[in-house]
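Dear colleague,

Please find below the structure that I am handing over to you. My notes on its cavity, its pockets and its ligand follow.

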Amino acid sequence: MHKKRVFSGVQPTGNLHLGNYLGAIKNFVELQNKFECVYCIVDLHAITNHQDPKDLKSNILETIATFIASGLDPEKNIIFNQASVSAHSELAWIFNCVARIGWMNRMTQFKEKAGVNKENASVGLLVYPNLMAADILIYKATHVPVGEDQKQHLELTRDIAKKFNNDFKCGNYFPIVEPLIPKEISRVMSLRDGKKKMSKSEDSDQSRINLKDDKDIIDKKIKRAKTDNNPIPSEINGLENRDEAKNLISIFASLNGIKVSEVLKEFGGKNFSTFKNKLSESAVEKICPIGNEIKKLLKDKSYLDQILETGAKRADLIAKNNLKEIYEIIGLTKFT
Ligand code: TRP
C-alpha cells in the first residue's frame, strides 16, 4: 500500500483571486492537518504560453506569498517551485514516451487553450498533462486536491500510472491517484457571467474579487454582482439554471465553511440585497486579512526566497530518490 500523500500545483500568476483561494488554496490549508502535503508552484507549466521573464519571477513570489498569507505552514508542508526540482522534467520526458498522442488530443483544456489554430500551439501545451502526471507521481502522491476542470488531467495521470506499471511489470509501483474536489464549490464563476470561470484574464475587473482588493472594492463588486429577479430558493433544486445565484450562494457557503443547503435554509425566500450584505461581510472578513498579509510578505522577498529554497531541498530529496528507482525499472543508467 502507498503511504497517503497529497500533492497539488498552482500556476504562478500575479493577482490571485477568490477563485484561486476557494477552489484550491483554502482546501490545501485544511489538508495540511490531515496529510503529508507537497505544494508546488508550477512555473514550468506557466511557460507553455510565453511569459515575460520579469513578470514570471514576480508572479512566483506573489504565489508563495499568497500561500503563506492564506495559512499554509512552510514547515508542516513542502512548498517549492517546480523548476527547482529537475526530476519533474525528467519524469515528464519518460511519460512523453508512455502516454499516447491520442490521449493528449482528447484533452479539453488543450483544445480550449490552443483555440482554432492548434498547429501553432506550443508542443509544451500539448504535453502539459504529462508534466502534471510527473509532478504528482515523482512523489508517489495518492491524493490530489484540484478544481473540477482538472479532473480529466487526473484521469490521464491514472492512465499513465497504470500503463507504466503494466509496461514495466512493476506491480503497483505508481499509485492510482484520487482527486479531492471541494464539495461546496468546485469552480468559482465570474461575478458578471455565471457560465464563465472567475479568471484573471477576464477584461472586467468587476468579474472577480482579487485577494488584494480592499474592503470598499470587495463590497462594491459584490453589490454589483449579477443575479436574477427571483428570491433565494429554500431548496437546492431551486438553483437549477440560475448560474449567478448558485455561484454567490456557493461562495458564501465556502467562505463560511458550511453547506449550500444550510445557506438556503437561512436565506430561502429572502431577496438578494439582504444576502449580498452578508456575503460582502463574510468576504471582507475572510479576504482582507489575507490581502494585507500578502502585501506585507511581498516587502520581504528574501524571506519568501528562503521558504522556496528550503522547500526545494526537501522536495528534491524525495524526487531524486524516486527518480533513481524509476530509471532502474526502465533500464536506464544515471552515472551522475
Ligand atoms: N494543471 C493545474 C492547473 O492548471 C496545475 C497543476 C500542475 C497541477 N501540476 C499539477 C495540479 C499537479 C495538481 C497536481 O490548475
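**The largest cavity**

Met 107, Gln 109, Phe 110, Lys 113, Leu 125, Leu 126, Tyr 128, Pro 129 and His 153 form the lining of the largest cavity. On a 1 Å grid over the protein atoms alone, a cavity is a set of points where a 1.4 Å probe fits but cannot get out, a pocket is an open set with protein on both sides within 12 Å along at least five of seven lines, and lining residues have an atom within 4 Å of a point.

This is a predicted model, in which local features need pLDDT of at least 70 and side-chain atom pairs count only at pLDDT 80 or more, while totals for chains, interfaces and linings use all residues. Residues are numbered from 1 along each chain as its sequence is written, and side-chain values use heavy atoms, with hydrogens and water left out.

The largest cavity holds about 50 Å³ of space (a volume is the space filled by probe spheres set on the grid points, which are joined across faces, edges and corners). Its largest share of lining, four residues, is supplied by α7 (helices, H or I, have at least four residues and strands, E, at least two; both are DSSP runs numbered from the N terminus).

The largest pocket has a volume of about 1,400 Å³. Of the 43 residues that line this pocket, Gln 11, Lys 113, Asp 149, Gln 150 and Lys 197 are the closest to its centre. Helix α1 (18-31) contributes the largest share of the lining, five residues.

The ligand sits in this largest pocket (more than half of its atoms lie within 2 Å of the pocket's grid points). Around the ligand are 13 residues, the closest being His 45, Tyr 128, Met 132, Asp 135 and Gln 150 (a residue is near if one of its heavy atoms lies within 4 Å). Helix α7 gives the most to this shell, with four residues.

Which side chains have a polar atom 2.7 Å from a nitrogen atom of the ligand? They include Tyr 128 and Asp 135. For Gln 150, the distance from a side-chain N or O atom to a ligand nitrogen atom is 3.0 Å (a polar contact is a pair of N or O atoms within 3.5 Å).

**The second largest pocket**

About 420 Å³ of space lies in the second largest pocket. Its 18 lining residues include Asn 27, Glu 30, Pro 182, Lys 183 and Glu 184, which lie nearest its centre.

Yours sincerely

How values were computed:
Polar contact = N/O pair within 3.5 Å; in protein donor to acceptor, adjacent residues only side chain to side chain.
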